Amino acid sequence: MTWETHDISNQYDELTDYNLYATDAPLREAVARAGAGWASDSLGAYGGKLGAAQTWQWAAQANRHDPEFDAFDARGRRVDRVEFHPSWHELMRMHREAGSVSLAFQNPNQAGRWTAWAAHFYMEGQVEAGSMCPLSMTQASIPVLGKEPGLWAKYGDKLMSNSYDPRDVPIEQKSSIWIGMGMTEKQGGSDVRANTTTATPIGAGGRGGEYLIRGHKWFFSAPMCDAHLVVARTADGGPSCFFVPRWKPDGSKNPVRIQRLKEKVGNRSNSSSEVEFQDAWGILMGEEGRGIPTIIEMATYTRLHCVLGSSAMLRQAAVQAIAYARQRKAFGNVLVQQPLMRGVLADLALESEAALVLAMRLTQAYEQGDDPAQRVWKRVMTPAAKFWVCKRAVEATGEAMEVFGGNGYVENGPMARLFREAPVNSIWEGSGNVMCLDVMRAIGREPQAAFVLLDELAEGARDDAPVHAEVVALREMLGTDPAQLEGLGRRFAQRLVLSAQAVLLRQNAPAVVADAFIATRFDAQWGRVVGAVDTRKMDVDALLQRALPA
């Protein structure tokens, strides 16, 4: 008698070949709520394209085959070129042609344009995160460059273009361009005022004038972008912002020398580098000494992108865990019916929807510009949300990997990549402590605006006693001695975000979701580990069905 030693049973692949938009009720509701129903058909088509098996294969290949750096060509000419796997270009082409750079700015009078863009970004981030870096920076550069008439006249059409042009040639020859950022230096990190890179004027200098940039940047992401916005210090004006193209106007290579590519934990498909500026040519944006406000305006948008990107990871972690648990059997039943697993899956589903509803509310604030009621959401809630949502993604992706057991801890599927990607959004564009400091500083600058925000949340929480009590406590916390309040920044940001998520879910989600979120997040025992929740207080089947229809 013989038998096979390698029969395969009770083994299931990660979920692919599904429509990311059609299976996401909270996302579809957010789109409708913002008046972006006009985009629903195209979002549905794009969700199917992103969820296709081919796209997942491109994502895997782009991360398996790291970008390769060539300092010189075959004849010794300095080229500072990074080569990418063809799968990277397929992903970048898909995003660009879908309008994921320009959509929020194409029609200033179109309601829901920012939400439609955010839906693109949110779905894209579920499949492959590295390509989100140049996409984020380029999108965020549009409002900043729009304030520079000279630069916008030359490059605005190329920024807004939905074509994909991967050629490494001067900007003037391209149909579309990508923009990066150059802030971080080894001695300063998030402390941009400690930067030492210098800028010397060619001639009179001044806004729109030419400068030579000299110095070093410790993190310079996406060095193959067609230009970067770079912070450098002028002799008289202090930190200033410069537009530094990859190629100079005369067609020669701008001397931005790549020293090496960073060996990152995750985000492998995207090249991040260390560079030297050896009298690189650049144009001053804004006034001398106003570089930090200029670049922070760009960073404010990229921080929103971090919230959306981590929300995307939370969504994908929940989706993959639920789909797998519905198939895999253990101890005589499918995992989704095991009582302890049900708590984990329900917790992941709640975390995902709460992150999305907050990210989409923030997105609406960006669409509505400088309306005072929205400005406080942008200035206070953006850094708070980046702090909290990005932290939650780190924990949740690890928990989702555990649902798969050993299968989640191998590189053959997306779970390991998702886990390795999660920390980057907590670090880039300002670490957790920097975000909490920004929350407290924004409140310090506009204390009345902070109270208006808390009044709004208190009104939304009037029928939910634990949430209302938390908002009252936040008001009282603002009366703390300023010398002590800074040290409470993490506690304040965490409690502010949870209160906002509870109010938004009560306003916009089914009661089964809002009730379960409030019952868990305002339980004194919640949060020590994912899944340590009282499932007797929630309809687990309804939560999982909403998160991912069976």
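Tutor: Element names first: helices (H or I, at least four residues) and strands (E, at least two) are DSSP runs, numbered from the N terminus. This is a predicted model, where local features need pLDDT of at least 70, side-chain atom pairs count only at pLDDT 80 or more, and totals for chains, interfaces and linings use all residues. Residues are numbered from 1 along each chain as its sequence is written, and side-chain values use heavy atoms, with hydrogens and water left out.

Student: OK. Where is Asp17 found?

Tutor: Asp17 lies in the segment before α1 (25-33). Its phi is positive, about 55°, although Asp17 is not a glycine.

Student: Is Asp17 buried or exposed?

Tutor: Exposed, at a relative accessible area of 57%. The cut-offs: buried is under 20% relative accessible area, exposed is over 50%, and partly exposed is in between (1.4 Å probe, protein chains only).

Student: And what about Asp80, buried or exposed?

Tutor: Asp80 counts as buried, with 0% relative accessibility. It sits in strand β2 (residues 78-83). Asp80 is not a glycine either, yet has a positive phi of about 45°.

Student: Switching to the core. Which residues touch the most other members of the largest nonpolar core?

Tutor: Leu229, Phe243, Trp377, Met381 and Leu496, out of 181 residues. Helix α9 (residues 291-325) gives the most to this core, with 19 residues. A nonpolar core here is a set of buried Ala, Val, Leu, Ile, Met, Phe, Trp, Tyr and Cys residues joined through side-chain atoms within 4.5 Å.

Student: What is Met381 in contact with?

Tutor: Leaving aside neighbours within four places in sequence, Met381 contacts Leu358, Leu362, Val376, Leu453, Leu496, Val497 and Ala500. Contact means heavy atoms within 4.5 Å.

Student: Back to α9. At what angle do α6 and α9 cross?

Tutor: Roughly 50°, with the axes of helix α6 (residues 113-127) and α9 coming within 8 Å. So α6 is oblique to α9. Axes are lines fitted to C-alpha atoms, for helices over the stretch in contact, and angles run from 0 to 180 degrees between N-to-C directions. Under 35 degrees counts as roughly parallel, over 145 as roughly antiparallel, 65 to 115 as roughly perpendicular and the rest as oblique.

Student: Which residues make the α6 contact with α9?

Tutor: On the α6 side, they include Trp114, Trp117 and Phe121. On the α9 side, Tyr301, Leu304 and Arg315 are among them. By class, the contact has nine nonpolar, six polar and one charged residues. Ala, Val, Leu, Ile, Met, Phe, Trp, Tyr, Cys and Pro count as nonpolar, Asp, Glu, Lys and Arg as charged, and the others, Gly among them, as polar.

Student: How many residues of α12 are buried?

Tutor: Ten of the 14 in helix α12 (residues 414-427), so the rest of the structure largely encloses it. Arg417 and Glu421 are among the buried ones. The buried residues pack against α3 (53-64), α6, α9, α11 (372-403) and α13 (432-445). After α12 comes Glu429, with a positive phi near 65°.

Student: At what angle do α13 and α17 pack?

Tutor: About 80°, with the axes of α13 and helix α17 (residues 489-508) 9 Å apart. That makes α13 roughly perpendicular to α17. Among the residues that meet are Cys436 and Ile443 in α13 and Phe492 in α17.

Student: Last one. What does Leu478 touch?

Tutor: Ile443, Ala450, Phe451, Leu454, Leu485 and Phe492, not counting residues up to four places away in sequence. Leu478 is in the loop between α15 (465-477) and α16 (482-485). It is buried, at 15% relative accessible area.
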